[in-house]
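Dear colleague,

Please find below the structure that I am handing over to you, followed by an account of what was found in it.

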Amino acid sequence: MTEAIGFQELANLNDRYARCIDENQLEEWPDFFSEHCLYKVTTADNVRRGYQAGLIYADTRAMLHDRIASLRQANVYEPQRYRHVISAPAITAEDADGVDCETAFLIIRIMRDGTLSLFATGKYVDRIVNDNGKARINRRVVVCDGGNVDTLLAIPL
Amino acid sequence: MTEAIGFQELANLNDRYARCIDENQLEEWPDFFSEHCLYKVTTADNVRRGYQAGLIYADTRAMLHDRIASLRQANVYEPQRYRHVISAPAITAEDADGVDCETAFLIIRIMRDGTLSLFATGKYVDRIVNDNGKARINRRVVVCDGGNVDTLLAIPL
Amino acid sequence: MTEAIGFQELANLNDRYARCIDENQLEEWPDFFSEHCLYKVTTADNVRRGYQAGLIYADTRAMLHDRIASLRQANVYEPQRYRHVISAPAITAEDADGVDCETAFLIIRIMRDGTLSLFATGKYVDRIVNDNGKARINRRVVVCDGGNVDTLLAIPL
């Protein structure tokens, strides 16, 4: 374990991140990231083929705020609801400033009539840093295994 | 982390709780709770609308025992089987006596022919206390995202 | 917690194990096991009926290597992809050499067209030991709740 960020802190960060989305408190979502950051959504197929471009790309916290603002404006109707289930983080590298880690996720979509469906699975490929005493996401590449990519664009993953 | 109950102890409590149900050792289920407790099953819709009533409600360990006894009597046939997958607990508050935490869950139902289906997702909204040296559930509000509410009544969640 | 292997080390082992399979780095899979080990795949029904035989059985690391070699030879086409989501390990016993633990798992299969399906759920019933300073699996009995048993034979679980 690094001195910078421990296992429990990482697990806790991921849980709060997931709850933020699942509780539809999206305005708080950008605060999980460093001011200068990378948030990218891509697919395992794209990664395998070496495609750099993501389906979604943002590199400042301000862009993440913009994204949520647009989403709120576009959604006249109550948004779909989601439930994340997240594995424990697997730390792949660490140094004095933070850790690299990967975490598997599973997202269930809850339909209006209460029906549940498998929405997306994949992994977060992360760089988590100690940002003035608070663990924040410096880089999160969301690698989706599959799923309905069009719909994926609507909410943060 | 509180001195009262640590992260690992919470994670361990949740795992043993899930295994107790999944292994059909339901007679041991009430022992996860304090003698005076709250166990309530409700839905995210009900919470959003401010409805206080739950689909299931018990406020003593004895009521939980009664519930299992009724369930055993009613189930002439072998019960359905379930598999819980549970996230790490997200601690939302803590004091000297215990912690408040929320934990996402996903429950799969296993049919007789081996088919798997998404049964329920949601979160536990918990108060976990140090009960004479043992971590016990003082309050567990099971907030279901959706799913077949009628069927939910059959087994503890 | 045992002195031999702590909770985080167990969680980390399980995560690396799952990633190894999900990333299709199967050649590294046998290294998670002790040289003399037990890897068995069975079903909850078989366990209940007291059947000792497993669908898959190996008791040396060399047999696990053989299994992967056969799998690679048989799979002319790109294999299906999988995503494991794994609970925290529940430690059931511990001594100076290692721990016994059980861990719930959920495996999603990703089809070619990106469709996701519930592939398998179950639990790992493990003996994890300190193998010259490294946590390794001495015994892993994979107890599947159900699912398509024929297909289960293709990849490690």
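A rotation of 120° with 0.0 Å of shift along its axis brings chain C onto chain A, with an RMSD of 0.0 Å. The C-alpha of chain C nearest that axis belongs to C:Ser87, which lies 3.9 Å from it.

The model is predicted: local features need pLDDT of at least 70 and side-chain atom pairs count only at pLDDT 80 or more, while totals for chains, interfaces and linings use all residues. Residues are numbered from 1 along each chain as its sequence is written, chains are lettered from A and ligands numbered from 1 in the order in which they are written, and side-chain values use heavy atoms, with hydrogens and water left out.

Chain A contains 4 helices and 7 strands, taken as DSSP runs numbered from the N terminus (helices: H or I, at least four residues; strands: E, at least two). Their order from the N terminus is α-β-α-β-α-β-β-β-β-β-α. Chain A is as compact as a globular protein of its length, because its radius of gyration of 15 Å is close to the 15 Å that the globule rule gives for 157 residues. The radius is taken over C-alpha atoms, and the rule is 2.2 Å times the number of residues to the power 0.38. Along its principal axes, the C-alpha trace of chain A spans about 45 × 30 × 30 Å.

Of the 157 residues in chain A, 53% are buried (under 20% relative accessible area; exposed is over 50%, partly exposed in between; 1.4 Å probe, protein chains only). Among the contacts of chain A (heavy atoms within 4.5 Å) with a separation of 6 or more, 58% join residues 24 or more positions apart.

B:Asp45 sits in helix α2, residues 44-48, and counts as partly exposed at 33% relative accessibility. Its C-alpha is 8.4 Å from that of B:Gly146, although B:Asp45 and B:Gly146 are 101 residues apart along the chain.

With kind regards

Key: Least-squares fit on C-alpha atoms with pLDDT ≥ 70 in both.
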